[in-house]
Amino acid sequence: MPKSVTFDRDQVMENVMQLFWKKGYNGTSMQDLVDVTGLNRSSFYNSFGDKFSLFQAALKHYQLRQNEMIKGFTSNATSPKEAVISLFRGISGDLNHTPQKGCLITSCTTELAGQDDRIRGFLTQNMSQVLEIFSALIKEAQAQGEINIGKDPETLAMYLFATLQGLRVTSILDNKLDKVVDEVLSNL
């Protein structure tokens, strides 16, 4: 009779995500994963498959957290432009509280996007989701006269996305980015 699972899968996933976030995919060993999960290798493989499968699950776990964070930052905004501002300020503040960690998805982009098509597909899909959020907010802000209608919403959305990625990478070295965020937001 097979043994039943006796660990908190959500907590294990959180621990694994934190480990990959700290060390990256290539810097994380199987022993690191065994240690952080508290499982022996056999149980690890039976529960999660291989390292790559677990990494993909950790990325999805992180993405869900990020989606919730975005909703939280934008939900109380009284206008679409304020939602964009709130999102940037919120992420900037979050980066200030996670020094030298940046963003797991951004770090994954720099580490693995050019090496694995499955990861590249995930990252491209994630980027599309963020661009859709920015583009919708920009279009709505333009319709309300908050953002110049002469600016292309898709280009401005990509500008915001690229800037956000740059902020996340830069925050690994220096997390005092409030003035940079002010400058970015002045371009809206």
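Is tyrosine 25 buried or exposed? Tyrosine 25 is buried, because its relative accessible area is 15% and buried means under 20%, exposed over 50%, and partly exposed in between (1.4 Å probe, protein chains only). The model is predicted, so local features need pLDDT of at least 70 and side-chain atom pairs count only at pLDDT 80 or more, while totals for chains, interfaces and linings use all residues. Residues are numbered from 1 along each chain as its sequence is written, and side-chain values use heavy atoms, with hydrogens and water left out.

**Aromatic pairs**

- Rings of Phe, Tyr and Trp (its six-membered ring) pair if their centres lie within 6.5 Å; planes under 30 degrees apart count as stacked, over 60 as edge-to-face and the rest as tilted.
- The count by this rule is eight aromatic pairs.
- Phenylalanine 20 and tyrosine 25 are stacked, because their ring centres are 6.1 Å apart and their planes are at 20°.
- Phenylalanine 20 also forms an edge-to-face aromatic pair with phenylalanine 55, at 4.8 Å centre to centre and 75° between the planes.
- This pair links distant parts of the chain, 35 residues apart: phenylalanine 20 is in helix H1 (residues 9–27) and phenylalanine 55 is in helix H4 (residues 51–74).
- Helices here are DSSP runs (H or I, at least four residues), as are strands (E, at least two), and they are numbered from the N terminus.
- Phenylalanine 20 and phenylalanine 55 are both buried; for phenylalanine 20 the relative accessibility is 1%.
- One aromatic cluster is formed by Phe20, Tyr25, Phe52 and Phe55.

**A charge over a ring**

- A charge sits over a ring if NZ of Lys or CZ of Arg is within 6 Å of the ring centre and within 35 degrees of the ring normal.
- Lysine 51 has its charged end over the ring of tyrosine 25, 4.3 Å from the ring centre.

**Helix H6**

- Threonine 106 is found in helix H6 (residues 104–112).
- Threonine 106 counts as buried because its relative accessibility is 4%.
- Leaving aside residues up to four places away in sequence, threonine 106 touches Gln165, Arg168 and Val169, where contact means heavy atoms within 4.5 Å.
- The buried residues of H6 are Leu104, Ile105, Thr106, Cys108 and Leu112.
- These buried residues of H6 pack against H1, H4, helix H7 (117–143) and helix H8 (153–170).

**Salt bridges**

- A salt bridge is a side-chain nitrogen of Lys or Arg within 4 Å of a carboxyl oxygen of Asp or Glu.
- The count by this rule is six salt bridges.
- One of them joins the side chains of arginine 65 and glutamate 14, at 2.7 Å from N to O.
- Because arginine 65 lies in helix H4 and glutamate 14 in helix H1, the pair ties together parts that are 51 residues apart in sequence.
- Arginine 65 is partly exposed, with 34% relative accessible area.
- Another salt bridge joins the side chains of glutamate 68 and lysine 71, at 3.7 Å from N to O.
- Glutamate 68 and lysine 71 are both in helix H4, three residues apart, which is about one turn of the helix.
- Glutamate 68 counts as exposed at 52% relative accessibility.
- Aspartate 182 and arginine 89 also meet in a side-chain salt bridge, at 2.7 Å from N to O.
- That pair links distant parts of the chain, 93 residues apart, with aspartate 182 in helix H9 (residues 178–186) and arginine 89 in helix H5 (residues 80–97).
- Aspartate 182 is partly exposed at 36% relative accessibility, and arginine 89 is partly exposed with a relative accessible area of 40%.
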